[in-house]
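Colleague: I have a few questions about this model. Could you take me through them?

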Amino acid sequence: MDSASDKYNEVRPIFYIGHHDSDRAETLTEYQYGQVLNAGFGFTTTPVTSQYFHGRVVELLRAFTRDAADKEKASAIPDPIVPPLTINDTTLFPGTYTSGLIAYASPWIDLSSSNRAIASISRQVLNLEISYANFCGVRTVIVPGPRQDAVQTGNGQGITQYARAIQEAFSIGTRVNILIHIPMYREPGLEEKEAPLSTGLEATETTPKGSEIDLFSAWDSWHLIRTVCEYDARLFVALKIPRVLPEKELQARWFSEPLQYLTFTPHTFMSNRSGHPSLSRFHQDMIFSYMRLKHAPYFLLCDVGPDLKLERDSSSAAASSASAIGSLSTSDFPSLSEAASQSTGGGSSSIATPSVSTSSSSVMTRSPNVFVSYLRHIERMQEPLNDLEQNTLTNFQDWLQSPLQPLSDNLESMTYEVFEGDPVKYWQYEMAIAAALRDWSTQGKPVSSPDGEVVIAVAGSGRGPLVTRALRASKSTGVPVKIWAVEKNPNAYVYLLRQNQQEWGGHVTVVKTDMRAWKGPTVRPPSRKKNDKNPPVYGKVDILVSELLGSFGDNELSPECLDGIQHVLAPEHGISIPASYTAHVSPISTPRIYADIRQRAAAGGDGASGGDAFDTPWVVRLFALDFVAQRGVPERPRFQQAWEFAHPVPRATLDAVEARRAGGVAGGGGGSMAGAVGANDHNARHCHLTFVCRSRGVVHGLAGYFESVLYESPAAAAGGNPFENNGKVELSILPENIDLKSRDMISWFPIFFPLKQPLYFPPDTELEVSMWRQTDDAKVWYEWMVEAFMWVGPSQRVKVGGSELCSSRKVACLL
């Protein structure tokens with residue numbers, strides 16, 4: 001396929017571009033709506049109420065103010081009641097295209113007003129508009145955000161009032177989504193153009209020119225609004241994009257929020273040398289980043305034209321157009337043969353175009369808006385989605401999955417097939433096995449097979465991908481091997497037998513058993529003679545290969561499984577692939593996922609998808625998130641190691657485990673305190689980590705990752721460098737290391753440990769994370785909590801918040 005065809009088949013995120021005119025006082029007619037569409041827009045906004053209604057409300061407020069001034073006890077006067085809508089109060093009615101309109105609530109209402117009457121009237125107006133828009137079939141309503149934040153007003157009363165009004169509106173508009181139109185930060189020029197209802201009736205505080213802008217104050221307001229609304233799934237953000245973009249930290253914060261629209265005004269754009277609108281490279285990079293979201297935001301261009309003509313002008317335009325068309329003759333339209341000769345012959349290559357004399361001011365023409373054209377240009381500049389993004393990664397963004405329990409569940413073939421679709425993981429495993437075999441040969445290490453072959457056991461073989469890779473490694477290194485495939489799943493066992501017959505040439509011995517019960521490779525089978533009582537003889541394994549790792553390394557019980565099969569490993573020279581793995585955590589903000597979990601928990605029921613949703617560590621491709629911990633802090637990195645497991649474990653540890661199981665040891669550790677003998681206590685873990693947060697924010701949970709050393713050459717461990725990567729073959733899903741160690745690997749997504757209540761923290765906070773891996777010999781579970789501390793002096797630190805202790809014991813992994 002040539003490059004032109006490849007370019008044609010490239011897939012990029014699509015830009016949906018809408019139109020908003022802040023001076024619009026009436027709903028567009030169908031003719032005007034057509035003009036907007038012809039200008040290149042895909043949708044448009046509409047006011048819900050008219051200027052006449054605005055005038056009625058203003059007069060109601062003035063009458064109330066006069067009455068209050070004439071009475072001594074104005075506070076005892078009941079708030080004025082806004083009368084119901086009449087036909088003169090709106091131009092929005094149910095119609096064929098009404099559901100495609102985006103309603104824009106009246107920008108003059110002031111829900112945050114300190115004046116009780118103004119706040120009450122504004123709330124009533126919003127409720128009327130939400131209710132009527134819901135009746136008309138409108139499904140999205142944009143509500144102008146608060147004009148000032150708590151930082152500017154000096155208290156949080158106004159934002160709290162605003163948030164409570166939005167929460168009430170949801171109970172009225174039962175089928176509408178509400179979008180809060182709020183700036184990324186309070187850059188001058190992003191304010192609503194229309195004066196609020198309180199103008200002239202109360203003092204309006206403005207930010208003095210030249211004063212420092214609190215970049216996170218607008219986000220603070222949004223956070224309070226969505227918290228009061230209990231993370232309602234119908235609440236979204238319409239984000240005003242400033243001309244000067246803030247630091248990446250704030251951009252990432254908004255990236256994690258439920259963005260529905262990115263709104264631009266002419267103020268946001270610059271002019272290029274040709275006088276056309278353009279955006280800075282920083283704006284373009286931000287857009288490219290935001291458009292990678294699974295639910296990518298739409299664009300809303302505000303006050304960029306076109307000037308819409310009234311419908312009555314269309315009749316003269318139509319008459320003029322019809323007259324001009326009627327004057328055309330057949331000579332103005334060439335036949336097909338004439339057109340072909342004109343385009344292929346030696347004459348003119350263009351077809352004569354009939355001219356229609358019509359007035360440009362009265363005909364509805366298709367001429368794209370210059371701002372729309374520029375955004376279409378930006379759309380084409382995006383990097384195309386690769387195959388992984390198109391088919392897998394985008395679909396799995398922020399989609400919650402319960403962790404697998406391979407010990408208690410038999411997996412389906414489709415689940416195995418998903419694992420096998422990742423070539424990176426199995427290539428790394430093949431490299432690790434090949435490196436081990438190469439060292440085995442060069443170092444003259446002993447083997448456990450009487451025939452001089454290196455004995456490899458693949459524990460938990462599934463459908464056999466690691467068996468295939470082990471055979472390839474043997475072929476590439478020239479080291480002979482004897483492979484045993486151990487699998488407890490009776491259905492997968494049948495598939496392994498078929499693979500051995502058709503793909504592996506019968507060179508593999510397939511065993512159906514739980515790996516922990518396997519006695520090892522059979523050196524001499526039991527005699528079939530009746531009087532011969534010689535028992536079978538079992539040998540040892542040189543290389544134990546497994547793919548039991550979970551998203552947190554140990555969350556699918558890899559330590560317990562490998563402990564249970566270690567008795568078959570050659571005690572002096574046997575090795576495990578993987579050799580070790582570490583768990584890592586970082587506190588994150590992820591509102592979308594928190595809202596999803598909250599909704600599941602509210603639905604009730606049993607299990608992870610019901611009442612235990614907040615007790616479940618979820619496997620999820622974290623995407624719309626914000627890492628709240630500061631990067632680059634000495635000894636306090638953004639990602640910190642929680643604990644490590646290494647295999648094989650020391651022989652003394654296994655002897656102690658056996659003694660406890662046999663009842664030879666009194667007492668025990670955490671397991672015995674839970675009513676067990678403590679035989680699995682050596683696999684319990686605990687960590688206490690401290691993260692530094694420069695800016696204020698909110699924590700919704702902990703992101704968990706793992707890294708693994710599949711194999712490390714002994715020469716490299718001793719300081720040598722026999723081959724690339726210091727003799728290590730590694731896997732990693734850490735965001736900072738995945739491209740270095742296992743680029744494009746998709747077998748594992750991160751794990752998410754949710755908090756039951758979001759934890760808000762102020763600037764310059766230290767977040768302390770405590771985690772436990774607990775066990776009672778029958779199951780394994782995690783416990784976690786987060787605390788926020790702030791320094792108030794050189795030697796004094798106070799706690800400013802903390803989560804409750806969370807535990808996954810109800811959904812623990814069964815041994």
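Colleague: Which side chain does the side chain of Arg660 contact?

Modeller: This is a predicted model: local features need pLDDT of at least 70, side-chain atom pairs count only at pLDDT 80 or more, and totals for chains, interfaces and linings use all residues. Residues are numbered from 1 along each chain as its sequence is written, and side-chain values use heavy atoms, without hydrogens or water. A polar contact is a pair of N or O atoms within 3.5 Å; within protein, one must be able to donate a hydrogen and the other to accept it, and residues adjacent in sequence count only if both atoms are side-chain atoms. At 3.5 Å, the side chain of Arg660 makes such a contact with that of Asp681.

Colleague: Is Arg660 buried, partly exposed or exposed?

Modeller: Buried means under 20% relative accessible area, exposed over 50%, partly exposed in between (1.4 Å probe, protein chains only). Arg660 has 23% relative accessibility, so the class is partly exposed.

Colleague: How many residues of H7 are buried?

Modeller: Helices (H or I, at least four residues) and strands (E, at least two) are DSSP runs, numbered from the N terminus. H7 covers residues 217-228. The buried residues include Trp219 and Trp222. H7 is largely enclosed by the rest of the structure, because the buried count, out of twelve, is nine.

Colleague: In E10, which residue is the bridge partner of His19?

Modeller: Two strands pair if DSSP finds at least two bridges between them. E1 and E10 have four bridges, in the parallel sense. The partner of His19 in E10 is Leu301.

Terms used:
Expected span 1.5 Å × (residues − 1).
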